[in-house]
Amino acid sequence: MSRHLGMITLVVRDYDEAIAWYTKVLGFSLVSDTPLSDAKRWVVVAPEKGDSRLLLAKADGEIQEASIGNQTGGRVALFLQTDDFAQDYATMMKDGVRFLEEPRHETYGSVAVFEDLYGNKWDLLELK
């Protein structure tokens, strides 16, 4: 049996602004943008390598809207792994990504916490 975590839902305020940020700022690919109803779409983005994907789900109702930007209670939610930390960090800084700390070089690798357009915390991470 082979299993892997293929997709994670990220609650967003607006499909188009989320697509724009993840594709233009983080350089993800738009995998799918399929209308499901007048208000709902199946929107999937993914980094250029690997099998992981993000389902960008527009908030539906007050409870979901309240979780936008804080889906993990203020902890780092997602880990964007890279094989060139310095290059990705420089590109992301140039593109206006808000980093919450200076890069750190830990025993496991290089890391810096950044926020997406909604305030969800991510690690940019290059493992040793």
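The following questions and answers concern a predicted model of a protein chain.

Me: Which residues does UniProt list for "domain: VOC", and how far apart are the end C-alpha atoms of residues 4-127?
Reply: The UniProt record, an unreviewed entry, assigns "domain: VOC" to residues 4-127. In the predicted model this span is 22% helix and 40% strand. The C-alpha atoms at its ends are separated by 20 Å.

Me: Is the ring pair of Tyr-22 and Trp-122 stacked, edge-to-face or tilted?
Reply: The whole structure holds eight aromatic pairs. For Tyr-22 and Trp-122 the ring centres are 6.1 Å apart and the planes stand at 40 degrees. Planes under 30 degrees apart count as stacked and those over 60 as edge-to-face. The angle of 40 degrees therefore makes the pair of Tyr-22 and Trp-122 tilted.

Me: How many residues apart in sequence are the parts that Tyr-22 and Trp-122 tie together?
Reply: Tyr-22 belongs to helix α1 (residues 15-25), whereas Trp-122 belongs to strand β9 (residues 121-127). The pair therefore ties together parts whose separation in sequence is 100 residues.

Me: Are Tyr-22 and Trp-122 buried or exposed?
Reply: Tyr-22 has a relative accessibility of 0%, and Trp-122 has a relative accessible area of 3%. Buried means under 20% relative accessible area. Tyr-22 and Trp-122 are therefore classed as buried.

Me: Which residues do ring pairs link into a cluster?
Reply: Tyr-22 and Trp-122 are among the members of this cluster.

Me: What is the area buried between domain 1 and domain 2?
Reply: The chain is divided into domain 1 (1-68) and domain 2 (70-127), with centres 19 Å apart over C-alpha atoms. Their contact takes 18 residues from domain 1 and 14 residues from domain 2. Carbon and sulfur atoms give 67% of the buried area, which is about 1300 Å².

Me: Is Gly-73 buried or exposed?
Reply: Gly-73 is placed in the loop between α2 (62-67) and β5 (76-81). Its relative accessible area is 61%, and the class for values over 50% is exposed. Gly-73 is therefore exposed.

Me: Which strands hold Glu-115 and Arg-98?
Reply: A salt bridge joins Glu-115 to Arg-98, with the closest N and O atoms 2.5 Å apart. Glu-115 counts as buried at 18% relative accessibility. The pair ties together parts 17 residues apart in sequence, because Glu-115 lies in strand β8 and Arg-98 in strand β6 (residues 98-99).

Me: How far apart are the closest N and O atoms of Arg-104 and Glu-101?
Reply: Arg-104 is partly exposed, at a relative accessible area of 29%, and Glu-101 is partly exposed at 23%. Their side chains form a salt bridge in which the closest N and O atoms are separated by 3.0 Å.

Me: Which residues are linked with Asp-33 in a network of salt bridges?
Reply: The whole structure contains seven salt bridges. One of them joins Asp-33 and Arg-41 at 2.8 Å, N to O, and Asp-33 is partly exposed, at a relative accessible area of 33%. The residues linked with Asp-33 in the network are Asp-16 and Arg-41.

Terms used: Residues numbered from 1 in each chain as written. Predicted model: local features only at pLDDT ≥ 70, side-chain atom pairs only at ≥ 80, totals over all residues. Heavy atoms only, no water. UniProt positions renumbered as here; feature names shortened; annotations may be inferred. Helix = DSSP H or I, 4+ residues; strand = E, 2+ residues; numbered from the N terminus. Phe/Tyr/Trp six-rings, centres within 6.5 Å; stacked < 30°, edge-to-face > 60°. Buried < 20%, exposed > 50% of the residue type's maximum accessible area, 1.4 Å probe, protein only. Domains from an automatic or database assignment. Contact = heavy atoms within 4.5 Å. Buried area = accessible area lost by both parts, 1.4 Å probe. Salt bridge = Lys/Arg side-chain N within 4 Å of Asp/Glu carboxyl O.
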